[in-house]
Number of protein chains: 2
Amino acid sequence: MTARATSTEKHPLAPTSATPAPPPLEQGALRVVALGGIGEVGRNMTVFEYDGRLLVVDCGVLFPEDDSPGVDLILPDFGPIENRLDEIEAIVLTHGHEDHIGALPFLLRQRPELPVIGSGFTLALLSAKCQEHRLTPRLVEVEEGQRSRHGEFDLEFFAVNHSIPDALAVAIRTPAGTVLHTGDIKLDQLPLDGRLTDLAGFARMGSEGIDLFLVDSTNAEVPGFVTPEREIGPVLDSVIGRATQRVIVACFASHVHRVQQVLDVAASYGRKVCLVGRSMVRNMGIAAEHGILRVPEGALVDLDEALQMSSDSVVFVSTGSQGEPLSALSRMARGEHKQISIQHGDTVILASSMIPGNETAVFGVVNGLVRLGAEVVHQGSAKVHVSGHASAGELLYLYNAVRPANVMPVHGEWRHLRANAELATLTGVQADRVVIAEDGVVVDLIDGVASIAGRVEVGHVYVDGLSVGDVGESTLSDRLVLGEGGFISITVAVEAGTGRAVSPPTVSGRGFSDDPKALDEVVPLVEMELSRTEAEGITDTHRIAQTVRRTVGKWVADTYRRRPMIVPNVLPVGS
Amino acid sequence: MTARATSTEKHPLAPTSATPAPPPLEQGALRVVALGGIGEVGRNMTVFEYDGRLLVVDCGVLFPEDDSPGVDLILPDFGPIENRLDEIEAIVLTHGHEDHIGALPFLLRQRPELPVIGSGFTLALLSAKCQEHRLTPRLVEVEEGQRSRHGEFDLEFFAVNHSIPDALAVAIRTPAGTVLHTGDIKLDQLPLDGRLTDLAGFARMGSEGIDLFLVDSTNAEVPGFVTPEREIGPVLDSVIGRATQRVIVACFASHVHRVQQVLDVAASYGRKVCLVGRSMVRNMGIAAEHGILRVPEGALVDLDEALQMSSDSVVFVSTGSQGEPLSALSRMARGEHKQISIQHGDTVILASSMIPGNETAVFGVVNGLVRLGAEVVHQGSAKVHVSGHASAGELLYLYNAVRPANVMPVHGEWRHLRANAELATLTGVQADRVVIAEDGVVVDLIDGVASIAGRVEVGHVYVDGLSVGDVGESTLSDRLVLGEGGFISITVAVEAGTGRAVSPPTVSGRGFSDDPKALDEVVPLVEMELSRTEAEGITDTHRIAQTVRRTVGKWVADTYRRRPMIVPNVLPVGS
């Protein structure tokens, strides 16, 4: 193929898994490696290394998709630093979202005294989470404008706005150079709490010289600017204002400013607010304690009170905006909620985004509510949600303020990272100084130049129920097979010495067919096969099992054109 | 709750499953029931009954979502007419999409000589499909403007435009009144083939009097108007024009006008076109034969030729725009396609919508392509797709042209149906004459008034591999359990007379854990339990199995907090 001269082409190529392990870190150099969050949306965790010491920024979880069935959470892979936990100076949390703090308890289990740095609200959310894990983390509270030194890592914090209050960006000064990490960021110029992203501070850092700029990529593909959060208020006002019955607003349990606007609008129509959902109640409690959520005296009622009130005097604020099947909202949509039954004329507002992959679940909830007679207002029909992440237009402001020497797009899938890289180069960053380094790719900053030094292995670490890490790729691939086709088990007892079947084979399927006779035809085939193995003097139960598996597998493929898992159990019994 | 006077409220409520079976159809009345397609997007099939005779409009499939794992297709439920197939006068196909014709072979298996009415291109697509099923349908070709009488059903056909050529709406005149069914419809005022939706014909029918208007609801929630298809041409021109390497365009295999525009643009840049994917090659062949796709002499090359050509002289047009894992495009994105390997600087255009539920798969493909260095242009980044369904603005034109007495929104989930109902009432249709009747709900048109007469049971009929209907809700619910948590099987042989275990219990899991020792602890518990049952003289293998299931289930819930399927196999062997 002919070469093409575009800016894209000069970006370093995607490192393959053949990329070698990195060499030892050069004296005086800074190393950066993400253990999660680059090449995906979630489980953000970046490790910085200087002179044998580590600094970690964020430690979040990823919520599983269809390819990890049954899994509750996915953690960053601590593997590459597992033997170096004592070398960690501190961990910085940029804000309190699950994809930035959710995995920290799993790290703290291994090193409980690790200093955890963050803003007041972020640390309060972390503490609540740690309580569930029976951990008491060592907290170092900071705020914007403050500096904090940890070994050779000299930190400075900057206010940024995002879809949760009290978010911070962090500058990391080291002898090898200065890094600026945006965390999750947007540039709402009229933030509800008046706390602007500190673009002036970023510009000052830029004048000082930023050697490596790590930038949130989530919305890099989206042109323009995010609408200010406060523009949702009037929309809520109009919807709640015309409602004559119950109003239910679903949103993320950490979106304090969204809830604030609901509280304010509800008050203006003389409605009380009832918070529904454990995490909603907990987080808003913390926010109120921190003075971040302003709750007028008597504005909140609990569920029992709310149920006693007339339908036009209450607004429910609930979790479940992503269609989670066990959430209160999903149960209402199915008509299965014990206390709240949707009535014709009720209004439901989904004041939230739709996380990719959740569309079917969310629309399932919408359809259920509509079917019961509710009017449902969602992102698709009214401006009831704005993103928490800078769009392309805002990212350009960031690049122009900071004028970084090297850029490393973070927080995003490949499409987001690539789009973010394009924006960097458009503002004048040299294309070969924009390093797309997915999870595990090691970037070294040496003499002011960032480049890929190698790759360490990082995998997905799955949490399923109480245990961490025992569910891996083999279990998941079995689940995918079982989930698609079920299984057929063939159980037979054979005489240990002779391999003679001493019971008729039991053939049964689960997840295979509703027809009780579906497998009848294969039984004689299995019996024939068992006679053959006996005649051939085969006594090894594994070999017998294998031949049974082959026989049944071929039969089911020919007869049904399906691929269930075939599970032979050949039991040797004393002869 | 207080009553609220809005137009919504007056629509008949969602019929519950408690709605009784309908009474026998009154003499001189018309009955309508959907066996699929209302309350969902897909498997469209509507049955009209007059004087003991039936007319069917469309017979399509639904593609399964997460709640029907492993299923290939979902059919309309023929149950309510199963014993009345001889009473069907004819089946009308409005157009050739799978969700309108895909289930017909399954109906024709039961009544092969059923007359099938449709336009030339629609019937050609049906014939190709029937060939795969070794069926030769009895075809009745019609075109717009034509009338065709089948018993008491007097049909008239109208040109409509949609995302496939040669689509028709159908008016059904009966002694009980006249029905107009839009099929899938939009009102592109500059259609690529100049074939406008016959709004004038609709208006004429309206003047004659439409008693019941069945209207496509798919885009009723979307305000405004669909952009004309031809506006995609210049976008393709700009993307393909600046490409210096390979271009791959993915779109639906039936979207003749989209492919036409790619052919035209490719020709203007001196590129040949290579069609990739069996259905793409087949459908475009049929379209070319019917003069619907204009292929300039020598414009097409086959894959072998294309691979020999320089990368700037070919455009591939491929299926796989929905992220189907086995499609050519997905294999390219994973670097697993045998012949086409994506090179840095290649351009991929996803000229298609993203069907809800497919987002994760589609973005997976986009990320894979971007990671390999391709530039990917998709609906989110450029106007490379327009919908085939009328938006709200267009639907208003339809209602105003037809001025129907009664309306029945079709083709859509509840949210779409409700939005469509609102549009009807806004144009002046009486709210209580807008009947939202999901699948199975029977609507009778009596003396010019449509109303719900009852409900017949309709379920989902699943096709999995070669068989139809043997996979049902019980199998699917097992698959969901297995897919989330795998299973643990416990196999033990017991002496038939005594219940004494004659083999040590074998405990093994699939889809449960990667840890080979994960289940070790439960073995002694099972052995204890077996000793207990033996001591209690329990010899019934079902009872033994049940107690084993309980023991293991409790242990796994306590130890792992997981819910795998527990599968005990207790084999009686001769004492």
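Q: Is H100(A) buried or exposed, and how do I read that?
A: Happy to start there. Buried means under 20% relative accessible area. In this predicted model, H100(A) has 0% relative accessibility, so H100(A) counts as buried.

Q: Where is H100(A) found, and what does H100(A) touch?
A: H100(A) sits in helix α2 (residues 98–101) of chain A. Leaving out residues up to four places away in sequence, H100(A) touches several residues, including D58(A), H95(A), D184(A) and H411(A). With N44(A), the side chain of H100(A) makes a polar contact of 3.1 Å.

Q: Which residues does UniProt list for "binding site"?
A: The unreviewed UniProt entry lists H95(A), H97(A), D99(A), H100(A), H162(A), D184(A) and H411(A). They span 317 residues in sequence, yet no two of their C-alpha atoms are more than 13.8 Å apart, so they gather at one spot.

Q: Where is H162(A) found?
A: Look in the loop between β9 (153–160) and β10 (167–174) of chain A. H162(A) has 5% relative accessibility and therefore counts as buried. Beyond its neighbours within four places in sequence, H162(A) is in contact with residues including H95(A), H97(A) and D184(A).

Q: How do I read what chain A and chain B bury between them?
A: The size of an interface is often given as the accessible area lost when the parts come together. Here chain A and chain B bury about 7000 Å², 51% of it on carbon and sulfur atoms. In contact are 85 residues of chain A and 85 residues of chain B.

Q: How many salt bridges are there between chain A and chain B?
A: The count is 8. One of the salt bridges joins E438(B) and R371(A), with the closest N and O atoms 2.2 Å apart.

Technical notes. Residues are numbered from 1 along each chain as its sequence is written. Chains are lettered from A and ligands numbered from 1 in the order in which they are written. This is a predicted model: local features need pLDDT of at least 70, side-chain atom pairs count only at pLDDT 80 or more; totals for chains, interfaces and linings use all residues. Side-chain values use heavy atoms; hydrogens and water are left out. Contact means heavy atoms within 4.5 Å. Buried area is the accessible area (1.4 Å probe) that two parts lose on being put together, summed over both. A salt bridge is a side-chain nitrogen of Lys or Arg within 4 Å of a carboxyl oxygen of Asp or Glu. UniProt positions are given in the numbering used here, feature names are shortened, and annotations may be inferred rather than shown by experiment. Helices (H or I, at least four residues) and strands (E, at least two) are DSSP runs, numbered from the N terminus. Buried means under 20% relative accessible area, exposed over 50%, partly exposed in between (1.4 Å probe, protein chains only). A polar contact is a pair of N or O atoms within 3.5 Å; within protein, one must be able to donate a hydrogen and the other to accept it, and residues adjacent in sequence count only if both atoms are side-chain atoms.
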